[in-house]
Amino acid sequence: MQSPADHARQRLEPAAADAVREYAAQTRESADRLAAVLEDITADGQPSAEDCTPWEELRQAHLARLAAQRPAVA
């Protein structure tokens, strides 16, 4: 019986490889931002509610960005 290591790996097309690298970079950047926020909370405690943006405002801003990227079809 063959082990998975015995099978040849299928190479990605250059454009697909570039897209995967870009996704990995974006994911790494998001993880770094999250880690920085968590480190700040552990060092200084949670921010006060007055210093935070309500989630409803964040949601509306995100929905507006999505709508701008992909306008509705009439």
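Arg21 and Asp18 form a salt bridge, with their closest N and O atoms 3.0 Å apart. A salt bridge here is a side-chain nitrogen of Lys or Arg within 4 Å of a carboxyl oxygen of Asp or Glu. The model is predicted: local features need pLDDT of at least 70, side-chain atom pairs count only at pLDDT 80 or more, and totals for chains, interfaces and linings use all residues. Residues are numbered from 1 along each chain as its sequence is written, and side-chain values use heavy atoms, leaving out hydrogens and water.

The count comes to two salt bridges. Both are listed here.

| Arg21 and Asp18 | 3.0 Å | three residues |

Arg21 is exposed, at 55% relative accessibility. Asp18 is partly exposed, at 48%. The cut-offs are under 20% relative accessible area for buried and over 50% for exposed, with partly exposed in between (1.4 Å probe, protein chains only).

H1 covers residues 14–44. Helices (H or I, at least four residues) and strands (E, at least two) are DSSP runs, numbered from the N terminus. The 31 residues of H1 should span 45 Å at 1.5 Å a residue, and its end C-alpha atoms are 45 Å apart, which agrees. The expected span is 1.5 Å times one less than the number of residues. Gly45 follows H1, with a positive phi near 85 degrees.

Overall, the protein has two helices and zero strands. Buried residues make up 1% of its 74 residues.
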